[in-house]
Amino acid sequence: MSLNTDKFDAWIRERFVALNTELENLYFQQDNPEEIDGVGDEIKQTLLREGKAFLVPLLKEGNTDEGFEAGFDLLGNVGLFMAACRRHLLTEPSRETKSPLVEASALAMQLGASLGVVPRFASAHLETHNRAINGVYKTFTSLEAETLFITHNTRAALAYIRASEALLRALPLGVSHPVTADLLIVAKNALNDVVTSNAELFEKLDIDRFFYSVRTYYKTHRVGLHEYRGANAGDFAGINVTDLLLGLCRADDAYYSQLLVDKFLFMTPEDQLVLRDCMRRTSLMDSFLAALDTQSDSPWFQKNLRLFLEACDAHGETAIQHHEKLVKKFIEDPAFNKGLAEQPGMTASGPPLPVLLRSLRKLCDMRCAADRDDIPTRYADVQRLRSSLTQD
(Lines give C-alpha, C1' and ligand atoms only; values in the text may rest on other atoms or scores of the structure.)
Protein backbone atom coordinates (compact mmCIF):
# COMPACT_ATOMS: atom_id res chain seq x y z
CA MET A 1 0.00 0.00 0.00
CA SER A 2 1.20 3.54 -0.74
CA LEU A 3 1.90 6.11 1.94
CA ASN A 4 -1.23 8.06 0.96
CA THR A 5 -3.33 4.90 1.21
CA ASP A 6 -1.87 4.12 4.64
CA LYS A 7 -2.66 7.60 5.91
CA PHE A 8 -6.23 7.43 4.69
CA ASP A 9 -6.69 3.99 6.22
CA ALA A 10 -5.39 5.24 9.59
CA TRP A 11 -7.83 8.18 9.42
CA ILE A 12 -10.76 5.84 8.60
CA ARG A 13 -9.89 3.58 11.54
CA GLU A 14 -9.50 6.36 14.11
CA ARG A 15 -10.53 9.97 13.46
CA PHE A 16 -13.39 9.04 11.08
CA VAL A 17 -14.85 6.70 13.71
CA ALA A 18 -14.56 9.35 16.41
CA LEU A 19 -16.32 12.01 14.32
CA ASN A 20 -19.17 9.69 13.36
CA THR A 21 -19.61 8.54 16.95
CA GLU A 22 -19.73 12.13 18.20
CA LEU A 23 -22.40 12.95 15.65
CA GLU A 24 -24.45 9.84 16.46
CA ASN A 25 -24.44 10.71 20.14
CA LEU A 26 -25.65 14.22 19.31
CA TYR A 27 -28.42 12.88 17.10
CA PHE A 28 -29.50 10.31 19.67
CA GLN A 29 -29.97 13.04 22.30
CA GLN A 30 -32.54 14.82 20.13
CA ASP A 31 -36.26 14.44 20.85
CA ASN A 32 -36.50 13.02 17.34
CA PRO A 33 -33.23 11.30 16.35
CA GLU A 34 -34.42 11.23 12.73
CA GLU A 35 -34.12 15.02 12.51
CA ILE A 36 -30.40 15.55 11.99
CA ASP A 37 -30.41 18.55 9.66
CA GLY A 38 -28.64 21.41 11.45
CA VAL A 39 -27.27 19.16 14.20
CA GLY A 40 -23.49 18.98 14.58
CA ASP A 41 -22.82 21.00 11.41
CA GLU A 42 -19.28 21.91 12.44
CA ILE A 43 -18.39 18.26 12.99
CA LYS A 44 -19.96 17.31 9.67
CA GLN A 45 -17.86 19.89 7.83
CA THR A 46 -14.75 18.69 9.64
CA LEU A 47 -15.42 15.13 8.46
CA LEU A 48 -15.98 16.35 4.90
CA ARG A 49 -12.90 18.57 4.88
CA GLU A 50 -10.53 16.04 6.42
CA GLY A 51 -11.73 13.22 4.17
CA LYS A 52 -11.30 15.30 1.04
CA ALA A 53 -7.76 16.20 2.10
CA PHE A 54 -6.83 12.50 1.89
CA LEU A 55 -8.71 11.87 -1.35
CA VAL A 56 -7.09 14.59 -3.44
CA PRO A 57 -3.56 13.07 -3.33
CA LEU A 58 -4.98 9.55 -3.74
CA LEU A 59 -6.79 10.59 -6.92
CA LYS A 60 -3.63 12.22 -8.28
CA GLU A 61 -1.66 9.10 -7.44
CA GLY A 62 -4.00 6.98 -9.53
CA ASN A 63 -4.24 3.21 -9.62
CA THR A 64 -1.00 1.87 -8.17
CA ASP A 65 -1.89 -1.67 -9.32
CA GLU A 66 -0.97 -3.35 -6.06
CA GLY A 67 -3.39 -6.23 -6.47
CA PHE A 68 -7.06 -6.86 -5.80
CA GLU A 69 -6.91 -6.86 -2.01
CA ALA A 70 -5.19 -3.45 -1.83
CA GLY A 71 -7.55 -1.93 -4.39
CA PHE A 72 -10.65 -3.43 -2.80
CA ASP A 73 -9.58 -2.22 0.63
CA LEU A 74 -9.06 1.31 -0.66
CA LEU A 75 -12.44 1.23 -2.41
CA GLY A 76 -13.98 0.23 0.90
CA ASN A 77 -12.41 3.19 2.67
CA VAL A 78 -13.62 5.61 0.00
CA GLY A 79 -17.04 3.97 0.19
CA LEU A 80 -17.22 4.27 3.96
CA PHE A 81 -16.44 7.97 3.68
CA MET A 82 -19.14 8.50 1.03
CA ALA A 83 -21.69 6.51 3.02
CA ALA A 84 -20.97 8.61 6.11
CA CYS A 85 -21.42 11.79 4.08
CA ARG A 86 -24.78 10.42 2.91
CA ARG A 87 -25.74 9.55 6.47
CA HIS A 88 -24.97 13.08 7.68
CA LEU A 89 -26.84 14.73 4.76
CA LEU A 90 -23.67 16.13 3.21
CA THR A 91 -24.98 14.41 0.09
CA GLU A 92 -28.54 13.32 -0.61
CA PRO A 93 -29.49 11.68 -3.94
CA SER A 94 -33.04 13.07 -4.18
CA ARG A 95 -31.78 16.65 -4.25
CA GLU A 96 -28.85 16.05 -6.62
CA THR A 97 -28.25 14.98 -10.20
CA LYS A 98 -24.64 14.11 -9.45
CA SER A 99 -22.59 13.57 -6.33
CA PRO A 100 -21.00 16.68 -4.80
CA LEU A 101 -18.19 14.40 -3.57
CA VAL A 102 -16.23 14.88 -6.78
CA GLU A 103 -12.86 13.43 -5.76
CA ALA A 104 -14.40 10.51 -3.89
CA SER A 105 -16.67 9.69 -6.83
CA ALA A 106 -13.82 9.80 -9.33
CA LEU A 107 -11.61 7.53 -7.24
CA ALA A 108 -14.46 5.13 -6.42
CA MET A 109 -15.44 4.81 -10.10
CA GLN A 110 -11.83 4.22 -11.13
CA LEU A 111 -11.41 1.52 -8.50
CA GLY A 112 -14.80 -0.09 -9.03
CA ALA A 113 -14.34 -0.32 -12.80
CA SER A 114 -10.86 -1.83 -12.50
CA LEU A 115 -11.95 -4.35 -9.87
CA GLY A 116 -15.26 -5.34 -11.47
CA VAL A 117 -17.48 -4.27 -8.57
CA VAL A 118 -19.81 -1.39 -7.70
CA PRO A 119 -18.04 1.89 -6.85
CA ARG A 120 -19.26 2.02 -3.26
CA PHE A 121 -18.65 0.09 -0.05
CA ALA A 122 -20.29 -3.34 0.04
CA SER A 123 -20.92 -5.76 2.88
CA ALA A 124 -17.64 -7.57 2.18
CA HIS A 125 -15.74 -4.43 3.23
CA LEU A 126 -17.21 -4.70 6.73
CA GLU A 127 -17.44 -8.49 6.93
CA THR A 128 -15.34 -10.98 4.99
CA HIS A 129 -12.63 -8.49 3.86
CA ASN A 130 -12.39 -6.31 6.95
CA ARG A 131 -8.84 -6.68 8.30
CA ALA A 132 -8.49 -6.14 12.05
CA ILE A 133 -5.46 -4.36 13.53
CA ASN A 134 -4.74 -5.10 17.18
CA GLY A 135 -8.12 -6.77 17.46
CA VAL A 136 -10.09 -3.85 16.01
CA TYR A 137 -11.70 -3.95 12.57
CA LYS A 138 -13.14 -1.06 10.58
CA THR A 139 -16.50 0.42 11.55
CA PHE A 140 -18.36 3.69 11.09
CA THR A 141 -18.65 4.30 14.82
CA SER A 142 -17.41 2.87 18.11
CA LEU A 143 -20.97 2.13 19.25
CA GLU A 144 -21.55 -1.32 20.73
CA ALA A 145 -24.61 -1.84 18.54
CA GLU A 146 -22.52 -1.53 15.39
CA THR A 147 -19.76 -3.89 16.50
CA LEU A 148 -22.36 -6.45 17.60
CA PHE A 149 -24.09 -6.17 14.23
CA ILE A 150 -20.93 -6.51 12.14
CA THR A 151 -19.39 -9.28 14.24
CA HIS A 152 -22.50 -11.44 14.12
CA ASN A 153 -23.10 -10.71 10.43
CA THR A 154 -19.54 -11.84 9.73
CA ARG A 155 -20.07 -15.06 11.70
CA ALA A 156 -23.29 -15.75 9.84
CA ALA A 157 -21.75 -15.01 6.44
CA LEU A 158 -18.83 -17.35 7.08
CA ALA A 159 -21.20 -20.06 8.28
CA TYR A 160 -23.23 -19.74 5.07
CA ILE A 161 -19.98 -19.97 3.13
CA ARG A 162 -19.06 -23.19 4.97
CA ALA A 163 -22.47 -24.63 4.07
CA SER A 164 -22.14 -23.63 0.42
CA GLU A 165 -18.63 -25.05 0.13
CA ALA A 166 -19.78 -28.39 1.54
CA LEU A 167 -22.65 -28.51 -0.96
CA LEU A 168 -20.29 -27.60 -3.81
CA ARG A 169 -18.04 -30.51 -2.83
CA ALA A 170 -21.03 -32.85 -2.91
CA LEU A 171 -21.93 -32.05 -6.52
CA PRO A 172 -19.16 -34.03 -8.28
CA LEU A 173 -19.59 -36.92 -5.82
CA GLY A 174 -23.31 -37.32 -6.47
CA VAL A 175 -26.17 -37.84 -4.05
CA SER A 176 -25.49 -41.56 -3.59
CA HIS A 177 -21.86 -41.17 -2.48
CA PRO A 178 -21.24 -42.12 1.17
CA VAL A 179 -19.13 -38.98 1.72
CA THR A 180 -22.03 -36.84 0.51
CA ALA A 181 -23.65 -37.72 3.83
CA ASP A 182 -20.67 -36.18 5.64
CA LEU A 183 -20.91 -33.04 3.54
CA LEU A 184 -24.64 -32.69 4.17
CA ILE A 185 -23.96 -32.89 7.91
CA VAL A 186 -21.35 -30.12 7.54
CA ALA A 187 -23.86 -27.97 5.64
CA LYS A 188 -26.62 -28.57 8.19
CA ASN A 189 -24.33 -27.78 11.13
CA ALA A 190 -23.09 -24.61 9.44
CA LEU A 191 -26.66 -23.44 8.87
CA ASN A 192 -27.44 -24.18 12.51
CA ASP A 193 -24.46 -21.96 13.36
CA VAL A 194 -26.18 -19.14 11.45
CA VAL A 195 -29.26 -19.61 13.63
CA THR A 196 -27.17 -19.58 16.81
CA SER A 197 -25.24 -16.46 15.84
CA ASN A 198 -28.36 -14.60 14.79
CA ALA A 199 -30.18 -15.56 17.99
CA GLU A 200 -27.35 -14.03 20.02
CA LEU A 201 -27.54 -10.87 17.92
CA PHE A 202 -31.31 -10.53 18.34
CA GLU A 203 -30.96 -10.87 22.10
CA LYS A 204 -28.13 -8.36 22.58
CA LEU A 205 -28.69 -5.71 19.90
CA ASP A 206 -30.23 -2.42 21.07
CA ILE A 207 -33.25 -1.74 18.85
CA ASP A 208 -33.17 2.06 18.87
CA ARG A 209 -29.41 2.30 18.50
CA PHE A 210 -29.50 -0.04 15.53
CA PHE A 211 -32.46 1.72 13.92
CA TYR A 212 -31.13 5.25 14.35
CA SER A 213 -27.33 4.87 14.47
CA VAL A 214 -26.34 1.75 12.46
CA ARG A 215 -28.96 1.15 9.75
CA THR A 216 -28.58 4.74 8.58
CA TYR A 217 -25.10 4.16 7.10
CA TYR A 218 -26.43 1.60 4.61
CA LYS A 219 -28.52 3.96 2.49
CA THR A 220 -28.43 4.58 -1.24
CA HIS A 221 -26.19 7.37 -2.49
CA ARG A 222 -24.80 8.75 -5.71
CA VAL A 223 -21.36 8.05 -7.08
CA GLY A 224 -20.90 10.46 -9.94
CA LEU A 225 -24.20 10.59 -11.83
CA HIS A 226 -25.61 7.25 -10.71
CA GLU A 227 -27.37 6.24 -7.52
CA TYR A 228 -26.32 2.91 -6.02
CA ARG A 229 -28.33 0.94 -3.51
CA GLY A 230 -26.97 0.41 -0.04
CA ALA A 231 -24.83 -2.47 1.10
CA ASN A 232 -26.76 -5.57 2.12
CA ALA A 233 -25.59 -8.26 4.55
CA GLY A 234 -26.55 -10.86 1.92
CA ASP A 235 -24.17 -9.53 -0.74
CA PHE A 236 -22.01 -12.64 -0.87
CA ALA A 237 -22.38 -15.84 -2.89
CA GLY A 238 -22.67 -18.36 -0.07
CA ILE A 239 -26.33 -17.84 0.75
CA ASN A 240 -27.41 -18.00 -2.90
CA VAL A 241 -25.18 -20.99 -3.65
CA THR A 242 -26.96 -22.73 -0.78
CA ASP A 243 -30.35 -21.71 -2.24
CA LEU A 244 -29.46 -23.07 -5.66
CA LEU A 245 -27.63 -26.27 -4.72
CA LEU A 246 -30.29 -27.34 -2.24
CA GLY A 247 -32.76 -26.56 -5.02
CA LEU A 248 -35.04 -24.40 -2.90
CA CYS A 249 -34.60 -21.53 -5.38
CA ARG A 250 -34.02 -21.81 -9.11
CA ALA A 251 -31.94 -19.75 -11.49
CA ASP A 252 -34.66 -20.05 -14.16
CA ASP A 253 -37.21 -18.34 -11.93
CA ALA A 254 -37.51 -14.74 -13.15
CA TYR A 255 -37.97 -13.28 -9.68
CA TYR A 256 -35.01 -15.07 -8.15
CA SER A 257 -32.68 -14.57 -11.12
CA GLN A 258 -33.44 -10.83 -10.99
CA LEU A 259 -32.22 -10.81 -7.38
CA LEU A 260 -28.98 -12.42 -8.51
CA VAL A 261 -28.49 -10.00 -11.38
CA ASP A 262 -29.03 -7.05 -9.02
CA LYS A 263 -26.45 -8.26 -6.52
CA PHE A 264 -23.65 -9.58 -8.77
CA LEU A 265 -21.53 -6.42 -8.79
CA PHE A 266 -21.99 -5.97 -5.03
CA MET A 267 -20.03 -9.20 -4.55
CA THR A 268 -16.31 -9.81 -4.96
CA PRO A 269 -15.27 -11.09 -8.42
CA GLU A 270 -14.45 -14.48 -6.91
CA ASP A 271 -17.97 -14.77 -5.54
CA GLN A 272 -19.41 -13.68 -8.87
CA LEU A 273 -17.65 -16.57 -10.62
CA VAL A 274 -18.82 -19.13 -8.06
CA LEU A 275 -22.43 -17.99 -8.29
CA ARG A 276 -22.46 -17.91 -12.09
CA ASP A 277 -21.16 -21.47 -12.14
CA CYS A 278 -23.86 -22.62 -9.70
CA MET A 279 -26.61 -21.14 -11.83
CA ARG A 280 -25.98 -23.83 -14.46
CA ARG A 281 -25.75 -26.78 -12.06
CA THR A 282 -28.35 -29.47 -11.32
CA SER A 283 -29.44 -29.10 -7.72
CA LEU A 284 -29.21 -31.84 -5.13
CA MET A 285 -32.99 -31.80 -4.82
CA ASP A 286 -33.44 -32.50 -8.51
CA SER A 287 -30.88 -35.30 -8.27
CA PHE A 288 -32.83 -36.93 -5.44
CA LEU A 289 -36.07 -36.52 -7.39
CA ALA A 290 -34.47 -38.19 -10.43
CA ALA A 291 -33.55 -41.22 -8.29
CA LEU A 292 -36.83 -41.34 -6.37
CA ASP A 293 -38.76 -43.85 -8.49
CA THR A 294 -35.96 -46.41 -8.75
CA GLN A 295 -33.77 -45.92 -5.68
CA SER A 296 -36.05 -44.83 -2.84
CA ASP A 297 -35.66 -48.13 -1.00
CA SER A 298 -31.86 -48.09 -1.18
CA PRO A 299 -30.04 -47.53 2.14
CA TRP A 300 -27.96 -44.71 0.61
CA PHE A 301 -31.11 -42.94 -0.58
CA GLN A 302 -32.80 -43.10 2.80
CA LYS A 303 -29.72 -41.93 4.70
CA ASN A 304 -28.62 -39.15 2.37
CA LEU A 305 -32.14 -37.89 1.68
CA ARG A 306 -32.84 -37.62 5.40
CA LEU A 307 -29.69 -35.52 5.86
CA PHE A 308 -30.52 -33.45 2.77
CA LEU A 309 -33.98 -32.61 4.11
CA GLU A 310 -32.47 -31.69 7.48
CA ALA A 311 -30.16 -29.27 5.67
CA CYS A 312 -33.17 -27.80 3.82
CA ASP A 313 -35.02 -27.41 7.12
CA ALA A 314 -32.02 -25.64 8.67
CA HIS A 315 -31.80 -23.26 5.70
CA GLY A 316 -35.52 -22.54 6.01
CA GLU A 317 -35.08 -21.82 9.70
CA THR A 318 -32.40 -19.21 8.97
CA ALA A 319 -34.77 -17.53 6.51
CA ILE A 320 -37.69 -17.46 8.95
CA GLN A 321 -35.43 -16.21 11.72
CA HIS A 322 -34.10 -13.38 9.55
CA HIS A 323 -37.51 -12.27 8.35
CA GLU A 324 -39.59 -12.71 11.50
CA LYS A 325 -37.00 -11.60 14.03
CA LEU A 326 -34.30 -9.36 12.56
CA VAL A 327 -36.36 -7.56 9.93
CA LYS A 328 -39.50 -7.36 12.06
CA LYS A 329 -37.88 -6.45 15.38
CA PHE A 330 -35.19 -4.07 14.20
CA ILE A 331 -36.66 -2.48 11.06
CA GLU A 332 -40.37 -3.14 10.50
CA ASP A 333 -41.73 -2.57 14.01
CA PRO A 334 -39.64 0.54 14.79
CA ALA A 335 -40.46 2.10 11.41
CA PHE A 336 -44.22 1.57 11.76
CA ASN A 337 -44.29 2.47 15.45
CA LYS A 338 -42.52 5.76 14.75
CA GLY A 339 -44.62 6.53 11.68
CA LEU A 340 -41.62 6.28 9.36
CA ALA A 341 -42.60 3.30 7.19
CA GLU A 342 -43.34 5.41 4.11
CA GLN A 343 -40.39 7.75 4.56
CA PRO A 344 -37.99 7.81 1.57
CA GLY A 345 -34.60 6.26 2.21
CA MET A 346 -35.89 3.90 4.89
CA THR A 347 -34.42 0.84 3.13
CA ALA A 348 -30.90 0.12 1.92
CA SER A 349 -32.20 -1.19 -1.39
CA GLY A 350 -34.26 1.89 -2.20
CA PRO A 351 -37.94 0.86 -2.50
CA PRO A 352 -40.49 1.81 0.19
CA LEU A 353 -40.44 -0.42 3.26
CA PRO A 354 -43.82 -2.13 2.56
CA VAL A 355 -42.60 -3.11 -0.92
CA LEU A 356 -39.35 -4.47 0.49
CA LEU A 357 -41.18 -6.45 3.17
CA ARG A 358 -43.37 -8.18 0.58
CA SER A 359 -40.28 -9.08 -1.43
CA LEU A 360 -38.47 -10.43 1.63
CA ARG A 361 -41.52 -12.51 2.60
CA LYS A 362 -41.56 -14.04 -0.87
CA LEU A 363 -37.87 -14.91 -0.71
CA CYS A 364 -38.29 -16.35 2.79
CA ASP A 365 -41.14 -18.61 1.62
CA MET A 366 -39.07 -19.83 -1.32
CA ARG A 367 -36.24 -20.78 1.01
CA CYS A 368 -38.70 -22.53 3.33
CA ALA A 369 -40.47 -24.37 0.49
CA ALA A 370 -43.68 -22.92 1.88
CA ASP A 371 -47.09 -24.00 0.60
CA ARG A 372 -48.03 -21.11 -1.67
CA ASP A 373 -49.88 -21.20 -4.98
CA ASP A 374 -48.96 -17.68 -6.08
CA ILE A 375 -45.18 -18.18 -6.31
CA PRO A 376 -43.10 -21.17 -7.48
CA THR A 377 -41.82 -22.88 -4.31
CA ARG A 378 -40.55 -26.45 -3.97
CA TYR A 379 -43.24 -27.38 -1.45
CA ALA A 380 -44.71 -30.26 -3.49
CA ASP A 381 -41.27 -31.66 -4.35
CA VAL A 382 -40.10 -31.53 -0.74
CA GLN A 383 -43.30 -33.25 0.42
CA ARG A 384 -42.86 -35.93 -2.21
CA LEU A 385 -39.30 -36.59 -1.08
CA ARG A 386 -40.26 -36.49 2.59
CA SER A 387 -43.05 -39.03 2.08
CA SER A 388 -40.51 -41.49 0.64
CA LEU A 389 -38.62 -41.70 3.93
CA THR A 390 -39.18 -44.85 5.92
CA GLN A 391 -39.67 -44.75 9.67
CA ASP A 392 -36.50 -44.90 11.78
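**Overview. Salt bridges in the predicted model.** The structure holds 25 salt bridges, a salt bridge being a side-chain nitrogen of Lys or Arg within 4 Å of a carboxyl oxygen of Asp or Glu. This is a predicted model, in which local features need pLDDT of at least 70 and side-chain atom pairs count only at pLDDT 80 or more, whereas totals for chains, interfaces and linings use all residues. Residues are numbered from 1 along each chain as its sequence is written, and side-chain values use heavy atoms, with hydrogens and water left out.

**Close-up A. The salt bridge between arginine 281 and aspartate 277.** The closest N and O atoms of this pair are 3.1 Å apart. Arginine 281 is partly exposed at 40% relative accessibility, and aspartate 277 is partly exposed at 22%, where buried means under 20% relative accessible area, exposed over 50% and partly exposed in between (1.4 Å probe, protein chains only).

**Close-up B. Aspartate 365 and arginine 361 in helix H15.** A salt bridge of 3.0 Å, N to O, joins the two side chains. Aspartate 365 and arginine 361 lie four residues apart in helix H15 (residues 353-367), and are therefore separated by about one helical turn; helices are DSSP runs (H or I, at least four residues), numbered from the N terminus. Aspartate 365 is buried, with a relative accessible area of 10%, while arginine 361 is partly exposed at 27%.

Close-up C. Aspartate 374 is exposed at 52% relative accessibility, whereas arginine 372 is partly exposed at 26%.

Notes
Helix = DSSP H or I, 4+ residues; strand = E, 2+ residues; numbered from the N terminus.
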